[in-house]
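Here are some questions and answers on how a few residues get their labels. Each answer sets a value against a cut-off.

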Amino acid sequence: MEKRRLIKPAIIYGAVWLACLVLYWGSLATGELGGGIMGYAILALYIALPIAGIVSAFLIGRVADLGWWRLAALIAIAVLYVLHTVATFSLSNALGFTNIAPADLAVFMYGLIPAAIGLAVGCATAK
């Protein structure tokens, strides 16, 4: 029964992740992204994905029956954050569309820290 409570956080993060990916490639394909790459980076990497990570990790943290397995959410969210950077900036660099800094360990930390905050608050407020 408790595992069903994991569906909502997965859908939340997955939907935001996918929407950011579609926005990037859709804007790049139409030429709309061009000079707006900084705006996209701020919107996706510093607002949308971190907030989705906090909310998802918070909801997972509230599932007390998972115990220490809740920490797997931190790694999953951080890896998906890095994967987003690879699937957008790194891939468009490799294809020759853009010239943006590649993903590195710092990107993993940018995904991990908001998720850790959300998980800590979720665990603290769990029943």
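Q: Why is Ser27 called buried?
A: Buried means under 20% relative accessible area, exposed over 50%, and partly exposed in between (1.4 Å probe, protein chains only). Ser27 has 14% relative accessibility, so Ser27 counts as buried. This is a predicted model, where local features need pLDDT of at least 70, side-chain atom pairs count only at pLDDT 80 or more, and totals for chains, interfaces and linings use all residues. Residues are numbered from 1 along each chain as its sequence is written, and side-chain values use heavy atoms, with hydrogens and water left out.

Q: What does the side chain of Ser27 reach?
A: The side chain of Ser27 comes to 2.8 Å from the backbone oxygen of Leu23.

Q: What makes Arg62 partly exposed?
A: The relative accessibility of Arg62 is 25%, and therefore Arg62 also falls in between.

Q: Which residues is Arg62 in contact with, leaving aside its neighbours within four places in sequence?
A: They are Arg5, Gly122, Thr125 and Ala126, where contact means heavy atoms within 4.5 Å. With Thr125, the side chain of Arg62 reaches the backbone oxygen at 2.5 Å.

Q: How far apart are the C-alpha atoms of Arg62 and Ala120?
A: They are separated by 9.4 Å, although the two residues are 58 residues apart along the chain.

Methods. A polar contact is a pair of N or O atoms within 3.5 Å; within protein, one must be able to donate a hydrogen and the other to accept it, and residues adjacent in sequence count only if both atoms are side-chain atoms.
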